[in-house]
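Here is a structure to walk through.

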Amino acid sequence: MKTTTIRRSIGRKALFAFGLFVSISYVAPFLLVLLNSFKPKFDILSNPLGWPKQFTMENFQQAVEKMNFFRALINSIIITFFSVSILIIFSSMLAYYLARTKNRFTKTTFLILVASMIVPFQALMIPFMAIFAQFVSINNRVALIFFYQGFGVALSTFLYHGFISKIPSEIDEAAAVDGANDFTIFWRIIFPMLRPITATVAIVNSLWIWNDFLLPRLVLTRDTQTLPLSTYLFYGQYSTQYGQVMAGLLLAVVPIIAFFLFLQKQFISGLSQGAVK
Amino acid sequence: MSQQQRSRHRKKFLTFGAIPLSIFLAVLVYPFAQGFFLTFTNWNGFKYTKLAGFNNYIKSFKDPAFWTTLGFTLKFVLVSLVLVNAVAFGLALLVTSKLKSSNIFRTFFFVPNLIGGVVLGVIWQFIFNTALVSISGKFKLPFFNDSWLNDTNKAFWALIIVTVWQSSGYMMIIYITGLTTIEQDLLEAAKVDGASPLRTLAAIKVPLMAQAFTIALFLTIRNGFMAYDVNLALTGGGPYRTTELISMHIFQEAFAFGHFGTGQAQAVLMFLMVAVAALIQVAVSKRMEVQS
């Protein structure tokens, strides 16, 4: 008995060491970026893994300016915030309608929404751009937010639908007897009950829209570009300015990691629910 | 249905469903359907004058570059499917093995997933092109002497490494969800019966979380076909367009070379591959779920 306990404790220690090694290697690339963002260029080339011989903030000043960091950050925030808020409003209402009104039309609609989730954006992006080119040229940020409604509504509605189906419809009926109309019933009574799934919908969509690259690349212009776009363009132009690139990458990564660490529990539980589709 | 009920239904549809469904139709369904149709015409990106049968498809299949892309993509999807899920499942087992620091580990594994593929690709381009080359020069490691991204075969593995690193954290979350829904009593019973950890894994854990596998496998296949950001930022398709995955190939075909018809034909083929993969995979998994 005693030897097995000892063996088990050695096993646990080995497992821990292994876990530690793997988890460090998962964050190592970010540490490398962090370390190098404070070095002057020659130091990066001669010594990419070492501690900075001299710390410089110059890289950050240059990167903030050249990639238009704050403008890109604000664009990202605006686009993500409005797209996700509107998605929550539209898809929760649509899901409520589809879950509560059972007829052939709503059943078919729901099936089409679910099936549409396997369609990759690339499968339709060429005709998509041909159709919407004019709309995009009027106001591309508004256009992008509009597009995200179309591409995001299926998954969000699906998530809400599963949740709403579990809420007994007696609640709606009781409110209807009291004279409330459908709109009031939904916003006053049902929507507040959807909080956990709203958190999931918000997180899943925020992560997608915040990091999305292909659609914004097709739609946005220089003044309206989001963080992933400005990072990419900045890199394309100054790829040999290693220090500045490292600083730019760090700036691009920090907002979302900070947000994640702040809301870690919600993120993990939200994403695990969002994935089980 | 009475008149009154019907009008109530219509009102409910107009209040709750009309706007999002119209946007869905306009943004997704209509371009998707039109995309199918246009591949059978002589569309040039602006207009078409006549039907052209299977011309765009035939042209695609006669293009050797498309075959290169197709082979590269299928290899990428297959290898990333196996490795992402093997690593993710391993991480999930590690994190759920009641280690003290498993929460911190989980966070670390998940972090790459928070960040967009373009940023990740640029980071790894620096690692492969600069950091590793410099280190290998210092320590005389022949393995990284020349950047991996200069060689098609090594660049493939570079893409795989970054993809596994990026998406294993997310798939891990799915597997953790699957593992934690298994009832503890069952695992206790297996332990009492003297089942080894490996046997418990094969006979109880894996069959009981078939649904998690279904989801994770489908998502990896779909992500594999859709992969664009990492491809663009890491290899840019190079050297000499030999590492272009199908997404990038479609993009180039249409928006760089103006071949809208063949580009869209290839996009339709890509959709069909995803759809077939999804159908086969769901059918197989359903059978497994029923058996268990």
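Is Asn68(A) buried, partly exposed or exposed? Asn68(A) is partly exposed, because 19 C-beta neighbours lie inside 10 Å. The cut-offs for other C-beta atoms within 10 Å are 20 or more for buried, 12 or fewer for exposed, and in between for partly exposed, with C-beta atoms placed from the backbone.

This is a predicted model: local features need pLDDT of at least 70, side-chain atom pairs count only at pLDDT 80 or more, and totals for chains, interfaces and linings use all residues. Residues are numbered from 1 along each chain as its sequence is written, and chains are lettered from A and ligands numbered from 1 in the order in which they are written.

Asn68(A) sits in the loop between helix 3 (58-66) and helix 4 (69-100) of chain A. Helices are DSSP runs (H or I, at least four residues), numbered from the N terminus. Phi of Asn68(A) is positive, near 50°. Most residues other than glycine have a negative phi, and most peptide bonds are trans.

Gly238(B) and Pro239(B) are joined by a cis peptide bond, with omega about 0°. Pro239(B) is in the loop between helix 10 and helix 11 of chain B. Tyr240(B) lies in that loop, and its phi is near 50°. Tyr240(B) is exposed, because 9 other C-beta atoms lie within 10 Å.

Now the interface. In chain B, 68 residues are in contact (C-beta atoms, placed from the backbone, within 7 Å) with 61 residues of chain A. Helix 1 of chain B gives the largest share of chain B's side, 19 residues.

Terms used. Contact = placed C-beta atoms within 7 Å. Helix = DSSP H or I, 4+ residues; strand = E, 2+ residues; numbered from the N terminus.
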